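Please read them with the sequence and structure at hand.

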Amino acid sequence: MPGKRIILPIFVGTLLLVPSVWGAQPTWDCKAGPNNSWDCSKDGVSVSNEQESTPGNATQPGTTTQPAYAANPTAIPEDSDSVPSNTEPESDTDEPTPLVSTASAHATSSSDVAEDDAAASSSTTPLPEIARPTQPTATTQPAYAANPRAIANDSDGDASSAAPLPNTEPTKPRYAPNPNTITGYKLADETTWDCKAGPGKAWECSRGRVKHPVYAAASTPRYKRPVRGQRQIQSGDILRIDRDLDWNQCGPLNDPATMARYSNETKIEADAADVSRANKQATFSGHVVVTKGNQLLEADRITYNNRDDTIDATGSIYYQSPGLLVSGSSARMDMAVHKGKITDVEYRLPKRHARGSATLAEVIGPKQSHFENINYTTCRPGNDDWILEAGKLEINQETGVGVAEDTVFRFKGIPFFYLPYASFPIDSRRKSGVLVPSIGRSDETGFDFSIPYYVNIAPHMDATITPRYMSRRGLMVAGEFRHLTENFESEATLELLPNDKERDSDENSARGAFSYQGHGYLTPRMAMDVIINYASDNDYMEDLGDSLAISSSRYLERRGDMQYFGDHWSLLGRVQYFQTIDETIARVDRPYARLPQILFEYEQPDAFAGTTLHMDAEYVYFDRDNTVSGHRFDINPAISLPMRNSWGFVTPKLGVRHTSYDLTNQAAGMPDSPDRTTGTFSLDSGLFFERVGTATTSTLEPRMFYLYTSRENQDDIPIFDTSEYDFSFYNMFNENHFAGSDRISDANQLTLALTSRTFMNDTGEESFRFSLGEIFYFDDREVQMPGVGTIDDSSSALVGQIAMQLGSRWSTQADLEWDHNRGDDQTTQSAIYLRYDDNDKTLFNIGYSYARDIFEQTDLSFRFPITSKLNAVGRWDYSLRHERTTEAFAGLEFSNCCYAVRALGREYINDISNESNTAFYLQLEFKGLTNIGKKVDEFLEDNLLGYSRAN
């Protein structure tokens with residue numbers, strides 16, 4: 001069952017709910033061992049050095065004067081094949097051997113480095129294949145200091161060019177943490193180490209040049225503690241989190257995480273690493289990149305403690321996974337208990353075109369999280385036209401509930417509402433609460449305000465209670481109840497107006513209406529439909545309806561259907577009744593009730609010799625007070641032989657129809673059991689001619705339809721549910737001129753028609769269509785509705801249609817019914833429409849329609865862009881027959897990726913003989929959050945041809 005939209009749908013409830021996203025436990029755990037060896041384990045299983053050095057794994061390089069990888073790889077020469085003869089073995093110690101020294105050195109010049117080369121060569125030792133730590137002496141510092149910029153590049157890789165530097169104060173790394181902005185990206189001059197667990201239980205390491213961000217001056221912190229109600233991103237700033245997002249486009253953004261394709265194994269890239277055996281801790285520093293699957297984590301420094309199973313990350317943290325991008329200044333995750341904290345958070349939800357920030361995001365458990373000073377908006381960075389803020393936010397995925405405290409919604413910096421406490425659903429599970437109010441005004445109701453309250457009764461049922469205040473009529477209470485099962489859905493609505501102040505003193509002031517609709521399947525082949533409508537009085541729809549179509553309803557239907565579908569047949573059972581709400585309709589003209597109706601339909605193609613068998617049968621009992629009523633049984637078997645080819649078709653058909661009645665209250669002198677039997681033969685045929693050009697394909701499609709139906713006098717049969725079809729191009733090919741079984745038209749006629757079409761070869765679209773047809777009668781038509789005499793015209797009116805696509809944006813269509821048998825007004829029906837649609841902002845429709853003695857009206861509607869974000873909309877529907885406006889509205893709509901405002905003024909009539917009503921609608925749409933006011937966008941979709949909220 002679709003959920004209702006709550007006034008506080010703080011979508012940030014989906015934020016940061018993956019407790020393991022900030023790191024992964026390394027597959028390998030290595031520490032320095034005795035005799036210059038490494039003790040390594042994989043997933044807790046010890047791996048020997050012999051296993052690590054098997055062929056195909058990481059090779060064992062020769063000993064050099066410098067380790068193979070250091071904090072600054074550019075400071076280390078390429079590995080040399082020669083082995084120095086003055087190497088000394090490392091002393092055994094229980095202290096961990098650092099892969100990179102934690103101390104830093106300062107280089108004053110390249111000559112300083114050259115002077116200490118000799119000392120460096122005397123302190124080097126052979127390195128293991130996975131890492132090559134050196135044991136620094138008490139008086140020297142290793143050449144590969146923590147500050148890679150302090151080491152000069154060696155020219156030839158000789159051991160003598162890497163002398164240790166004097167112990168000086170550490171210098172600040174060039175990759176300073178927390179710069180304010182990223183000004184660009186460049187290819188790093190130095191190389192970085194790229195290591196991952198390879199086959200055969202060995203490490204695979206490589207060096208390569210990588211991209212590094214170019215930061216602005218490090219004096220300004222990159223991340224600031226969010227201040228509620230203020231913008232956190234200055235104009236022109238581009239954070240790492242927004243680098244791959246195009247905020248100029250509305251709707252879902254391209255998600256970089258969905259486009260990334262990483263290996264499923266955990267892979268870490270870093271400028272330096274430090275492994276501590278005693279503390280079971282590994283620290284990666286520099287530009288650290290961790291990837292696994294479609295997840296990526298970047299930080300200046302990441303420390304993993306194998307003993308506590310914790311991860312600490314600091315400095316320019318960035319994380320991405322499908323649907324979520326997060327940055328922060330520091331993070332600590334406890335992997336063992338699924339807990340963690342992230343500070344100074346910026347987040348992005350690309351699929352929702354949403355973003356926000358928080359001072360603290362804390363994962364309390366696998367399905368619980370806590371946020372402080374959090375906000376949410378769908379506006380682009382640097383623009384907080386609307387923003388939803390909360391001092392605290394608690395998210396519980398297990399219960400599906402979020403709780404917010406100290407909540408403020410701001411629009412254009414102005415607080416619209418404040419809630420000290422709010423509880424709301426975070427998933428498809430629904431929760432009771434207040435919905436968005438609706439505000440409007442009209443002459444019928446005056447000031448109109450309603451505020452719905454949603455009640456979540458059970459997972460398969462809910463209700464909405466809506467108090468509605470109308471200044472002219474009083475207080476109304478409306479209720480809606482919905483029920484859903486696996487195979488059936490239903491909805492019931494009830495409106496009660498206890499005291500209508502506009503009702504006269506002699507009229508009942510209590511008014512109301514009820515409606516029920518249900519649809520579903522009792523079995524896979526058995527469907528059920530139920531419709532029940534009720535109104536307390538005849539003027540209810542006119543007084544409280546909001547359009548001519550609703551208020552002019554003369555009947556309210558009550559119907560129940562049960563239908564079974566077989567392989568080639570179906571059986572329908574129905575009961576149907578109508579409430580007449582227009583008392584001016586005479587009782588003899590009101591619709592009959594069907595109590596019941598049973599309809600059987602059968603069609604079997606390829607029955608034998610290519611024929612198709614048809615069968616329609618119906619039983620129905622018609623009931624109406626004080627008029628003729630009774631039973632009707634109708635059966636119509638037929639057989640046809642469709643013959644089709646690529647160039648044409650021929651379909652002969654032969655059928656017979658029998659109808660019998662059992663009547664009560666029949667007029668004096670009329671039979672109580674009339675019946676009728678007719679036979680019908682038809683021959684439908686057509687040809688297809690095609691001419692293929694370089695850009696278009698044109699067709700010529702002549703069609704001939706012959707129909708013969710025997711004549712049977714039917715004047716003694718009452719009219720229960722039969723009416724005459726409107727004459728149109730497509731209705732010329734019907735076998736019966738009447739809809740219903742009380743009249744079967746006699747026919748001996750031939751229909752000739754011609755259709756021509758033009759299609760674009762590249763797209764297949766129809767750019768032109770022309771149709772023209774006429775019926776030629778060989779006999780007079782004697783079977784007519786009561787009061788209509790025999791028609792002896794030798795031909796029907798000429799019916800034509802034409803439709804053209806005038807370029808990519810303009811289109812037109814015209815319909816004409818021209819009766820050349822009439823001496824005066826020969827035009828029976830006509831309509832013409834012209835439309836412009838650029839599929840973006842501009843929309844224009846103009847039309848004229850006419851039906852003799854029924855209506856004549858014009859229709860003009862448009863949507864026109866004033867600026868790139870501001871549109872004018874309007875419609876004018878005018879009745880030439882009554883010389884008055886039936887519907888008119890005009891307004892403005894402003895829309896961007898963040899919010900939309902729609903204002904509309906409207907004039908309309910509920911009855912053609914009554915005075916017009918005026919109304920004003922206003923809607924505020926905060927995209928990705930909610931709507932406030934009248935749903936003007938839905939009104940425009942229903943009343944402005946071609947309008948779409950997507951545009």
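Is the link of C250 and C897 left-handed or right-handed?

1. The link of C250 and C897 is left-handed, with -85 degrees about the S-S bond. This concerns a predicted model, and the S to S distance for C250 and C897 is 1.9 Å. The two cysteines lie in distant parts of the chain, 647 residues apart. C250 is placed in the loop between strand 5 (202–215) and helix 4 (256–259), whereas C897 belongs to the loop between strand 47 (884–895) and strand 48 (899–908).

2. C250 has a relative accessible area of 47% and is partly exposed; C897, at 17%, is buried, because buried means under 20% relative accessible area.

3. The structure holds two disulfides, and one of them joins C379 to C898, with an S to S distance of 1.6 Å. This pair also links distant parts of the chain, 519 residues apart. C379 sits in the loop between strand 14 (368–376) and strand 15 (386–396), and C898 in the loop between strand 47 and strand 48. C379 is buried at 0% relative accessibility, and C898 is buried at 3%.

4. A separate point concerns the surface. A nonpolar patch of about 750 Å² is made by V434, I439, F447, I451, Y453, I465, Y469, L475 and V477. Strand 22 (461–470) and strand 23 (474–484) are the elements that give two or more residues to this patch.

Conventions. Residues numbered from 1 in each chain as written. Predicted model: local features only at pLDDT ≥ 70, side-chain atom pairs only at ≥ 80, totals over all residues. Heavy atoms only, no water. Patch = residues over 30% accessible without salt bridge, like charges linked within 9 Å, V, L, I, M, F, W, Y side chains within 5 Å. Areas by Shrake-Rupley, 256 points an atom, 1.4 Å probe, with all protein chains shown as cover. Salt bridge = Lys/Arg side-chain N within 4 Å of Asp/Glu carboxyl O. Helix = DSSP H or I, 4+ residues; strand = E, 2+ residues; numbered from the N terminus. Disulfide = S-S within 2.5 Å. Buried < 20%, exposed > 50% of the residue type's maximum accessible area, 1.4 Å probe, protein only.
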